[in-house]
Amino acid sequence: MRSFAQAVLCLLAVVVPAAPAWAGRTVPKPKTNARAANVACPDAFLQPAPGTGSRYDAATRCLINHARTGSGLHPLRGEIRLAAAATAFAQDMVTRGFFAHTAPEGTTPRARVRAAGYRGRSGRFRAAETLGWGAGEYATPLSMVSEWLHSAEHRAILLSPAYREIGIGLGLGAPGTGEGGATVVANFGARR
């Protein structure tokens, strides 16, 4: 049974105002649980290791899409340029020992996806980014997506109808130590 504090936190997460992309509407509560997600996404409990990047990507995207479709939204398509930017940034954070949306030299998520070649026919696009890192059971796709869904700011991105595509990047190791676990970047986009 949940403690009172956990119940209050869950209640607050539902009523927190959404990010500007939602134009004043409340963010839908994610309709996913570990058992249903594990059935829908076989690698939900995958431990990141060398050679598991594509399986980790597929499981993470599957879990995000499971939450999206459970909330009445369209699933996101995988996009190679978003994934390339996400992978390079995840590995960079592990190597250089930082954990932030803006790199030490000042590059932003939008600049990174643009540099990877992501843009629409008119050159215009929308982009967002979520970050996470963890070790052991906290490094699995299910744990990453669950943590994002339980954060109002991250949930607003994952469940935004504004995005159509996603790219997941995996860096093996924690930022700075390079040891154990995983650093994960998810880039969301829509081209115009």
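In this predicted model, the side chains of Glu 129 and Arg 112 meet in a salt bridge with an N to O distance of 3.0 Å, a salt bridge being a side-chain nitrogen of Lys or Arg within 4 Å of a carboxyl oxygen of Asp or Glu. Because Glu 129 lies in strand β2 and Arg 112 in helix α5 (residues 109-115), the pair ties together parts that are 17 residues apart in sequence. Glu 129 is buried, with a relative accessible area of 7%, and Arg 112 also counts as buried, at 13%, where buried means under 20% relative accessible area, exposed over 50% and partly exposed in between (1.4 Å probe, protein chains only).

**Basis of the model**
- Local features need pLDDT of at least 70 and side-chain atom pairs count only at pLDDT 80 or more, whereas totals for chains, interfaces and linings use all residues.
- Residues are numbered from 1 along each chain as its sequence is written, and side-chain values use heavy atoms, with hydrogens and water left out.

**Other salt bridges**
- The whole structure holds 9 salt bridges, one of which joins Asp 43 to Arg 55 with the closest N and O atoms 3.0 Å apart.
- Asp 43 is partly exposed at 23% relative accessibility, as is Arg 55 with a relative accessible area of 40%.
- Arg 77, Glu 79, Arg 81, Glu 165 and Arg 191 are linked in a network of salt bridges.

**Fold and strand pairing**
- The protein chain has 7 helices and 4 strands, taken as DSSP runs numbered from the N terminus (helices H or I, at least four residues; strands E, at least two).
- Strand β2 (residues 125-134), with 7 of its 10 residues buried, pairs in the antiparallel sense with strand β4 (residues 182-191) over 10 bridges; strands count as paired if DSSP finds at least two bridges between them.
- The bridge partner of Leu 131 is Val 185 in β4.

**Nonpolar cores**
- The largest nonpolar core has 27 residues, and Ile 64, Val 145 and Trp 148 are among those with the most contacts inside it; such a core is a set of buried Ala, Val, Leu, Ile, Met, Phe, Trp, Tyr and Cys residues joined through side-chain atoms within 4.5 Å.
- Helix α6 gives the most to this core, with 5 residues, and 7 of the 9 residues in α6 (residues 141-149) are buried.
- Leaving aside neighbours within four places in sequence, Ile 64 is in contact (heavy atoms within 4.5 Å) with residues including Val 145, Trp 148 and Phe 188.
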